[in-house]
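Visitor: I'd like a close look at a single part of this one, please. Could you take your time over the place where the two chains meet?

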Amino acid sequence: MKLLTYIWRNVTRNKIRASLTVLSIAFSLALMTILYGYLAMQTVALDEAEKHNRLATLNNLGFASPLPIAIVDKISKIEGVVAATPFSWFGGSYKSQQMAFAQFGVEPKVAFDVFDEYKIPAEQVQAFKDDRQGCVADRRLAEQMGWKLGDRIPIEGTIYPVSLNLNLVGLYEAPTNTGMILFNWNSLDDQLRANFEGFAGNAGMIYTKCAVADEVAIISETIDREFANSENSTRTRTEAAFQKMFAEMMGDVQAYIRYISLAVVFALALVAATAMSMSMRERTTEIAVLKAIGFSGLRVLLLVLGESTLIAVLGGILGIAGGLASLQLFSNVPIAAQLFPVPVLSLVGTWMLGLVAVSAFIGFISGLVPAVLAAQLSVVNGLRRVI
Amino acid sequence: MIPLKYNLRSLSVRWATTLLTAVAIGIVVFASVLTFGMIDGIEHALTASGDELDLIIMRKGSTDEMSSNVSQANARDLATLDGVELGSDGKPLASREFITIALKPRRNGKGTANVIVRGLDHVGRQLRTNYKIVEGRDLVPGVNEVITSRSIANRFEDLGLGEKFDINNVPFTVVGYFEAGGSSAESEVWADLRDLTSAQRFDGAVSVVNLRATDATSRQNIVDRVQDDDQFKLKAISEAAYYEDQKASAVAIKVVAYIIALFLTVGAMFAASNTMYAAVASRGREIGTLRALGFSRRTILTSFMLESLVLCMFGGILGCLATIPLNGLSGGTSIAFSEITFNFRFGFKVLAQGMVLAIAMGFIGGLFPALRAVRAQIIDALRQR
């Protein structure tokens with residue numbers, strides 16, 4: 001305990017140096033918190049998706065190829081399926097802003113059976129079923145956009161040569177921030193059928209809700225087998241796997257985040273080592289005195305390592321807190337909000353302990369050389385040295 | 001003016017500290033330059049190295065090639081418009097193109113991504129400057145052959161030379177690799193227009209028409225003609241403007257890159273500051289002597305600032321040099337749902353950005369230590385041990 005007090009005194013005696021080192025580590029750890037926080041967010045979102053026994057079906061060729069609407073009915077009849085809905089990406093622009101939020105065409109009759117964890121008042125579901133121009137929005141999205149029930153939401157098509165003039169009839173709350181609006185797939189299809197026959201009858205994607213978790217894999221196989229030899233063969237994944245596919249599309253960028261982090265850790269170890277060896281050089285005489293009054297080499301070693309580790313961990317904790325605060329700040333910026341499916345606080349997890357460990361490691365490594373030098377210092381030489 | 005030699009010698013006396021700090025700064029500059037180089041590479045990969053006079057004609061209201069469609073009749077009419085350049089064979093330089101995406105697994109099990117598959121008329125090759133086949137041969141229309149770039153072939157299953165892959169149960173064979181000056185075309189797979197549309201069961205479908213005008217005036221004429229004609233319901237935009245828009249989709253990555261650089265730079269600033277504080281603290285008597293000799297406060301301030309700048313620029317140069325072996329390293333990522341491949345580019349602009357960061361670290365990091373150096377009274381400074 002006494003040793004700890006002494007270490008703390010040593011940390012605080014050159015306040016400028018200690019705080020500069022702490023800040024330097026804090027800023028870099030804040031950056032790592034932001035980067036890893038982003039990766040952690042995807043994991044949390046995936047875990048959430050895992051819970052709901054849903055499957056996503058696409059045309060085997062990918063997004064650009066159509067999936068006939070008739071398939072939805074066939075899937076609904078498979079045993080163990082609760083409900084299936086088309087899930088058609090509209091990708092339109094709102095107030096001439098492209099990709100302001102996601103819009104999906106769904107079948108109102110079953111949409112909230114498929115997404116059964118979304119909370120929405122029953123009369124709003126009924127209104128969604130009754131109004132062909134109706135749409136429902138994530139409550140958080142509506143708050144950001146300043147929409148109220150009954151508002152008109154005009155959306156101009158970019159993929160499809162038609163526009164939607166939607167009527168906001170409901171607000172739902174989902175466990176994650178979905179940031180999307182759901183509209184009646186049939187109203188889109190009506191317009192396409194009237195004007196652009198070639199685009200009509202396309203479900204886009206199909207979301208299927210399975211009754212029990214154990215059957216999800218079997219149902220997925222059943223769907224793909226059923227359509228394997230048709231003109232439009234399908235590819236079905238669990239919702240989690242489907243979302244993971246999007247995360248994987250980032251490709252090398254993800255690996256790149258890890259490389260950057262590695263470089264940062266290395267640079268930091270150098271920074272902290274420089275500061276530590278500067279401190280130790282100034283204290284050569286002092287250490288000689290410590291040894292003269294009977295401190296063992298091991299004790300001196302622990303003293304120095306303790307100091308460097310303490311400084312780095314302080315910086316680490318400060319940095320992680322700062323990184324979380326920055327994430328919270330980003331998540332409140334309207335355009336960036338759709339990158340945050342889950343609230344920042346739910347990200348708090350063991351990966352943060354990992355970052356603390358990283359900072360402790362940086363401190364330990366940086367103190368190693370000065371500590372060994374100090375432990376091996378001969379009393380006579382140390383006392384003789386004049387700085 | 002205190003000679004710069006004084007600072008250089010001071011730095012080399014404490015060579016271990018100097019080197020450690022410089023290497024730390026170098027790593028930060030290296031990481032930032034790497035990030036900027038990636039952005040530059042991605043932006044380059046999103047542009048077409050096309051001619052000034054090239055136009056893309058697409059459906060009014062669509063924002064990218066994939067969501068556009070042009071009727072067969074219109075596509076024919078467009079090729080015969082006045083002011084369309086003629087190729088060496090006397091045919092108009094107008095290429096009908098059909099664009100689709102295919103979900104393909106990456107090699108080494110790194111997930112899947114969408115690859116752009118473009119079916120185009122043979123004349124389309126003349127519209128891509130620097131287009132050339134670098135391995136294998138060009139495709140023969142009618143027998144389901146495709147060509148692609150080497151970087152796409154390296155990244156995706158079944159897209160290597162001689163390999164076969166299916167589009168809608170129709171097998172296509174890769175017969176050659178092409179280059180197109182590192183532009184967006186190098187992220188695509190090219191097929192013959194008719195082969196691709198019939199495999200996709202969209203016979204006769206055309207997404208966009210690419211054409212080249214004879215000169216600036218006729219280019220404007222074509223733009224106006226297409227715009228005003230209600231028959232067409234199309235718009236003509238210059239290729240340069242189109243790709244400038246596509247770049248906007250890389251903006252998120254750009255913001256992330258700048259945030260990375262910002263945090264790292266501020267962190268390194270503290271490191272530089274630390275080293276300079278130590279340098280100032282251990283030289284109290286020296287500074288007092290300089291003052292006693294008659295050097296003004298401003299001269300000493302400048303001298304220490306210079307020392308800090310030299311230290312950081314040394315680190316900056318180390319960082320920039322470290323990127324040299326990575327020049328041309330290729331990577332891939334998905335932007336706006338389709339895969340692009342890019343090469344890291346460390347040009348003058350990118351390296352200059354890195355050096356600007358180093359200079360900022362030296363300047364801001366050195367300011368406070370330098371101020372401390374000149375604040376002391378001469379007598380007190382001389383009295384220091």
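Visitor: How many residue pairs are in polar contact across the interface of chain B and chain A?

Guide: Keep in mind that this is a predicted model. Across the interface of chain B and chain A, 3 residue pairs turn up in polar contact, with both partners at pLDDT 80 or more. As for salt bridges between chain B and chain A, the count is 0.

Now for the side of chain B that touches chain A. The elements giving two or more residues to that side are helix H2 (15-46), strand S2 (94-105), strand S3 (112-120), strand S6 (164-167), helix H8 (251-281) and strand S11 (330-335) of chain B. H8(B) gives the most, with 13 residues. Sorted by class, this side of chain B has 23 nonpolar, 23 polar and 9 charged residues.

What about the extent of the contact? Chain B puts in 55 residues and chain A puts in 53 residues. The size of an interface is often given as the accessible area lost when the parts come together. Here, the area buried between chain B and chain A is about 4,500 Å², and carbon and sulfur atoms give 67% of that. On the chain B side, B:Phe263, B:Phe270 and B:Asn274 lose the most area to chain A, together 14% of what that side buries.

H8(B) comes up again in the second largest pocket, where H8(B) gives the most to the lining, with 7 residues. That pocket holds about 990 Å³ of space. Its lining takes in 30 residues, and A:Glu282, B:Ala278, B:Ala281, B:Ser282 and B:Arg283 lie nearest the centre. Both chains supply elements with two or more residues in the lining: helix H2 (15-50) and helix H10 (252-282) from chain A, plus helix H1 (4-13), H8, helix H9 (284-293) and helix H11 (348-375) from chain B. By class, the pocket lining has 13 nonpolar, 8 polar and 9 charged residues.

Back to salt bridges for a moment: over all chains, the structure holds 32. One of them joins A:Glu117 to A:Arg54, with the closest N and O atoms 2.8 Å apart. A:Glu117 sits in the loop between helix H4 (108-114) and helix H5 (122-130) of chain A, while A:Arg54 is in strand S1 (residues 54-59) of chain A, so this pair ties together parts that are 63 residues apart in sequence.

Note on methods:
Residues are numbered from 1 along each chain as its sequence is written. Chains are lettered from A and ligands numbered from 1 in the order in which they are written. This is a predicted model: local features need pLDDT of at least 70, side-chain atom pairs count only at pLDDT 80 or more; totals for chains, interfaces and linings use all residues. Side-chain values use heavy atoms; hydrogens and water are left out. Contact means heavy atoms within 4.5 Å. Buried area is the accessible area (1.4 Å probe) that two parts lose on being put together, summed over both. A salt bridge is a side-chain nitrogen of Lys or Arg within 4 Å of a carboxyl oxygen of Asp or Glu. A polar contact is a pair of N or O atoms within 3.5 Å; within protein, one must be able to donate a hydrogen and the other to accept it, and residues adjacent in sequence count only if both atoms are side-chain atoms. Helices (H or I, at least four residues) and strands (E, at least two) are DSSP runs, numbered from the N terminus. Ala, Val, Leu, Ile, Met, Phe, Trp, Tyr, Cys and Pro count as nonpolar, Asp, Glu, Lys and Arg as charged, and the others, Gly among them, as polar. On a 1 Å grid over the protein atoms alone, a cavity is a set of points where a 1.4 Å probe fits but cannot get out, and a pocket is an open set with protein on both sides within 12 Å along at least five of seven lines; lining residues have an atom within 4 Å of a point. Grid points are joined across faces, edges and corners, and a volume is the space filled by probe spheres set on the points.
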